[in-house]
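Biologist: Could you take me through this structure step by step? I would like to begin with the overall picture and then turn to the details.

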Amino acid sequence: MAVSEHPMQALSQFLPENSFELVTDYIHRYRVHLTITKKRASVLGDYRHAGMGGNHRISINGNLNRYEFLITLLHELAHLLTFEQYTHTVEAHGRQWKSIYSGLLLDFVQHGIFPADIERELQRSITNPAATANGETELLLVLRKYNKRSKEGMYALAELEEGALFETDNGRVFRKGQRRRKRFECTELQTGNKYSFSPVSEVKKMPAA
């Protein structure tokens, strides 16, 4: 199955220390049906509002490290709280959602749950949170430091030096180029074509030619 439903106590294995009770308080109070899913390429989490007499539904990718899992869950909880207050009358990631999400982040930061490097990046997010995870590049780079290496030689692209060779999941080999605004311009060795990559793209480092 692509998804699994976890009893509340089992949820603790996905969360940082000292955050379980804070999280479950929201889940119980707002009747959240929480689902842990397998890795999804397009999203880290998802929220669906409650129908008539139903539950709010949130799904989070189970492959995330504990800190990224919690931050993603707070992002989706902010959607829930925004819906509770405004229903469909405001933009999904408008100023109302940003205000609520910032408040959630601030509350959890003040409880000392995050390591210092993550906390520093979260303080920047609190002032003007991005609508998507890809908009929080520096935060994601810090969060990915806490990932267990899924495969030997795998890195976030931003960790490689300029000119380094790397291989993507589909076996294509590229040379890392300069950063253009928020993305890196990289050249495919076989074709010479240039492609734009996110700094947090997970790639396999190749030996120098």
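Predicted model: local features only at pLDDT ≥ 70, side-chain atom pairs only at ≥ 80, totals over all residues.

Biologist: How many helices and strands does the protein chain have?

Modeller: There are five helices and 11 strands in the protein chain. Its C-alpha trace spans about 60 × 35 × 35 Å along the principal axes.

Biologist: And what percentage of the residues count as buried?

Modeller: The protein chain has 209 residues, of which 42% count as buried. As for contacts between residues at least 6 apart in sequence, 51% of them join residues at least 24 apart.

Biologist: Let us turn to the helices. At what angle do the axes of H2 and H3 cross?

Modeller: Helix H2 covers residues 66-86 and helix H3 covers residues 95-110; their axes cross at roughly 135° and come within 9 Å. H2 is therefore oblique to H3.

Biologist: Is that crossing left-handed or right-handed?

Modeller: The crossing of H2 and H3 is right-handed.

Biologist: Which residues meet there?

Modeller: On the H2 side they include Leu70, Ile71, Leu74 and Leu81, and on the H3 side they include Trp97, Ile100, Leu104 and Phe108. By class, this contact of H2 with H3 has 13 nonpolar residues, five polar ones and no charged ones.

Biologist: What about H3 by itself: how far does it reach from its first C-alpha to its last?

Modeller: H3 has 16 residues and reaches 22 Å, which is close to the 22 Å expected at 1.5 Å a residue. Just after H3, glycine 112 takes a positive phi of about 70°.

Biologist: Which residues of H3 are buried, and what do they pack against?

Modeller: Among the buried residues of H3 are Gln96, Tyr101, Ser102, Leu105 and Val109. The buried residues of H3 pack against helix H1 (20-29), H2 and helix H4 (116-127).

Biologist: A change of topic: where does leucine 73 lie?

Modeller: Leucine 73 lies in helix H2.

Biologist: Why does leucine 73 count as buried?

Modeller: Leucine 73 counts as buried because its relative accessibility is 1%, and the cut-off for buried is under 20%.

Biologist: Which residues is leucine 73 in contact with, leaving aside its neighbours within four places in sequence?

Modeller: With those neighbours left aside, leucine 73 is in contact with Val23, Leu34, Ile58 and Ile60.

Biologist: And how many residues apart in sequence are leucine 73 and isoleucine 126?

Modeller: Leucine 73 and isoleucine 126 are 53 residues apart in sequence, and in space they are 15 Å apart, C-alpha to C-alpha.

Technical notes: Residues numbered from 1 in each chain as written. Heavy atoms only, no water. Axes fitted to C-alpha atoms, helices over the stretch in contact; angles between N-to-C directions. Helix = DSSP H or I, 4+ residues; strand = E, 2+ residues; numbered from the N terminus. Parallel < 35°, antiparallel > 145°, perpendicular 65-115°, else oblique. Left-handed = near helix turned anticlockwise from the far one by under 90°. Contact = heavy atoms within 4.5 Å. Nonpolar A, V, L, I, M, F, W, Y, C, P; charged D, E, K, R; others polar. Expected span 1.5 Å × (residues − 1). Buried < 20%, exposed > 50% of the residue type's maximum accessible area, 1.4 Å probe, protein only.
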